[in-house]
Amino acid sequence: MTELAGMHAFGELIEPATLKIERLLPGPVERVWSYLTDSDLRRKWLASGTMEMKPGAPFELVWRNDELTDPPGKRPDKFPQEHRMQSRVIEVEPLRRLVFSWGERGEVSFTLEPRGGEVLMTVIHRRISDRTNEIMIGAGWHMHLEVLAAALSGGRTEPFWDGWARLRQEYERRLPG
């Protein structure tokens with residue numbers, strides 16, 4: 001296990017406009033895969049949206065971050081209660097890899113690697129438009145993965161929006177730019 005795979009490890013820019021973040025999660029890999037691909041499970045940590053598991057299939061992600069933790073924390077001004085984004089599946093390798101578009105420009109890949117009773121999840125978000133979005137996306141993925149780890153372990157995490165605000169400041173400090 002790398003240091004980055006720890007429960008609270010920070011994402012890093014691995015090339016311009018590309019963020020990588022890793023998490024070692026409670027397994028088995030089939031369970032983690034279901035939290036990536038099943039809309040009802042994915043909505044518990046990220047966003048809902050039914051995906052057809054074939055390249056080229058369109059789908060919509062629907063975020064309701066206020067519902068991820070109880071309490072949700074203070075949602076930042078100008079952030080809607082619900083956010084929607086059109087995406088499409090790019091690549092599917094069941095139990096191993098899922099890649100989809102992030103709106104019209106970006107791309108996100110998830111790679112799962114079994115490690116004993118745990119699973120190393122590597123998330124790579126490509127083509128991030130600018131530094132402001134690198135910071136917001138870094139904090140977002142970090143907090144969403146904290147919620148996923150808590151869901152998989154039966155634990156709890158801090159209120160989503162409070163954690164995101166704290167992490168946003170930390171990513172502002174940590175990411176180059």
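Colleague: Which residues form one aromatic cluster here?

Modeller: In this predicted model, the cluster is made up of Phe-59, Trp-63, Phe-100, Trp-102, Phe-110 and Trp-141. A search of the whole structure finds 10 aromatic pairs.

Colleague: What makes Phe-59 and Phe-100 an edge-to-face pair?

Modeller: Their ring centres are 5.4 Å apart, and pairing asks for centres within 6.5 Å. The planes stand at 90°, and over 60 degrees counts as edge-to-face. Phe-59 belongs to strand β3 and Phe-100 to strand β5, so the pair ties together parts 41 residues apart in sequence. Both Phe-59 and Phe-100 are buried.

Colleague: Why is the pair of Phe-79 and Trp-161 called edge-to-face?

Modeller: The same test works here: the centres lie 5.6 Å apart and the planes make 75°, so the pair is edge-to-face, given the cut-off of over 60 degrees. Phe-79 sits in the loop between β3 and β4, and Trp-161 in helix α4 (residues 160-174), 82 residues away.

Colleague: How do you know whether Trp-161 is buried or exposed?

Modeller: Its relative accessible area is 4%, and buried means under 20%, so Trp-161 is buried. Phe-79 has 26% relative accessibility, so it counts as partly exposed.

Colleague: What makes β1 and β3 edge strands?

Modeller: The open sheet runs β1-β2-β7-β6-β5-β4-β3, with antiparallel pairing, and β1 (12-15) and β3 (58-63) each pair on one side only. For β3, the partner β4 (residues 83-93) is joined over six bridges, while two strands need at least two to pair. Leu-61 stands opposite Met-85 in β4.

Notes. Residues are numbered from 1 along each chain as its sequence is written. This is a predicted model: local features need pLDDT of at least 70, side-chain atom pairs count only at pLDDT 80 or more; totals for chains, interfaces and linings use all residues. Side-chain values use heavy atoms; hydrogens and water are left out. Helices (H or I, at least four residues) and strands (E, at least two) are DSSP runs, numbered from the N terminus. Rings of Phe, Tyr and Trp (its six-membered ring) pair if their centres lie within 6.5 Å; planes under 30 degrees apart count as stacked, over 60 as edge-to-face and the rest as tilted. Buried means under 20% relative accessible area, exposed over 50%, partly exposed in between (1.4 Å probe, protein chains only).
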